Each structure stands twice: as structure tokens, then as C-alpha cells.
Amino acid sequence: MDALRQELAQALWRLSEVAFADWTGWMTEMAQIHGLTLREINTLYELSVDGSLKVSEIAARTGLSKAAASQMVERMVRQGLLERAENPANRREKQVRLSPQGRTITRQFDQAALEQIVKVLSRVPDEKIRPLLGAVNAALEELETSPPGG
């Protein structure tokens, strides 16, 4: 990795550490508000990214056994956070996806995370934020328009 990108990566990593210094406490509080475990929150996010997954895929991504993942999914279905659906490609297979309530909760978590970042960044003067915003937006535009690995 070249030095410039290494330095940027370290700076961005440090920024995320500062922004989420109390991440564990914050996530624990959010989990308690919604009556969820951290693995259940992880499952909500995995599904928000991928749309739907098989229970075996959820197990692999959360580090649970298939039986434990199945029990967790069943509990989350009963809570109204997840839905099961037939896999159109294989009717014997069930896919799990977010319910509307599950999507609402992930949006609430996202909003709370954004508020945390804004709170931290409020300590930085506008004249330092503007060039950072421009640089980050330029980098995002480049990343979003160029193929991965390119």
C-alpha cells in the first residue's frame, strides 16, 4: 500500500474512533431500547445490505450455529422484525428479509449514528469542515463511478 493511502486510511480510521468512542455503550443502549441483542442488530444490518438471506447465511455472518440462528430468526419473526419468504429459485428453501418494522429500526439506528457523528463534528469549525467535505465527496464520486479493484 502506498504511503499516501496508508496515511489517509489511518486518519479516517482515527476519525471513526473519535466519532464512535462510546460506540459499545451507545449500541448497547439502542439495543436495550428496542429489546435486541447485538447479534440481532447485526442480522438486521446484514439483511438491510443484502435484501434477503438464508438462515445458514445468517448463521455464518453472525457466528452462530445454524440451530441458534434459526431460533434467533424465529424470535425476530415473532417480534415482527423479519419475514420469511419462499425462495423463488428453490421452493424448499426459505429466505429471510426485513419486515417494514425491521427497516424502520435500521433507519432509526442509522439516524442515531449520524446524529452521533454530527455531535462530534460540531467541535470542528466550519472552515475546516468545508474542505474536508469537498475532498470526501470527490473521493466518493470517484469510488462510485469507477469499477471495484480498478
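Mentor: Start with a hairpin. In this predicted model, a hairpin of two residues joins S2 to S3.

Trainee: Which way do S2 and S3 run, and how many bridges join them?

Mentor: Strand S2 covers residues 82–87, and S3 covers residues 90–98. They run antiparallel, with six bridges between them. Look at Glu 86: it stands opposite Lys 94 in S3.

Trainee: What other strand is joined to S3?

Mentor: Strand S1, residues 52–53. S1 and S3 also run antiparallel, and two bridges join them. Ser 52 has Arg 97 of S3 as its bridge partner.

Trainee: Now the helices. What describes two packed helices?

Mentor: Two things: the angle between their axes and the distance between the axes. Take H2, residues 23–34, and H6, residues 100–121. Their angle is about 150 degrees, and their axes are 12 Å apart. Angles over 145 degrees count as roughly antiparallel, so H2 and H6 are roughly antiparallel. H2 passes H6 in a right-handed crossing.

Trainee: Which residues meet where H2 packs on H6?

Mentor: From H2, they include Trp 26, Met 27 and His 34. From H6, they include Ile 105, Gln 108 and Phe 109. By class, this contact has eight nonpolar, two polar and no charged residues.

Trainee: Where is Leu 36, and is Leu 36 buried or exposed?

Mentor: Leu 36 lies in the loop between H2 and helix H3, residues 38–50. Its relative accessible area is 8%. Buried means under 20%, so Leu 36 is buried.

Trainee: What is Leu 36 in contact with, beyond its neighbours within four places in sequence?

Mentor: Its contacts include Ala 31, Leu 81 and Ile 105. Ala 31 and Ile 105 also belong to the H2 and H6 contact.

Technical notes:
Residues are numbered from 1 along each chain as its sequence is written. This is a predicted model: local features need pLDDT of at least 70, side-chain atom pairs count only at pLDDT 80 or more; totals for chains, interfaces and linings use all residues. Side-chain values use heavy atoms; hydrogens and water are left out. Helices (H or I, at least four residues) and strands (E, at least two) are DSSP runs, numbered from the N terminus. Buried means under 20% relative accessible area, exposed over 50%, partly exposed in between (1.4 Å probe, protein chains only). Contact means heavy atoms within 4.5 Å. Axes are lines fitted to C-alpha atoms, for helices over the stretch in contact, and angles run from 0 to 180 degrees between N-to-C directions. Angles under 35 degrees count as roughly parallel, over 145 as roughly antiparallel, 65 to 115 as roughly perpendicular and the rest as oblique. A crossing is left-handed if the near helix is turned anticlockwise from the far one by less than a right angle, and right-handed if clockwise. Ala, Val, Leu, Ile, Met, Phe, Trp, Tyr, Cys and Pro count as nonpolar, Asp, Glu, Lys and Arg as charged, and the others, Gly among them, as polar. Two strands pair if DSSP finds at least two bridges between them.
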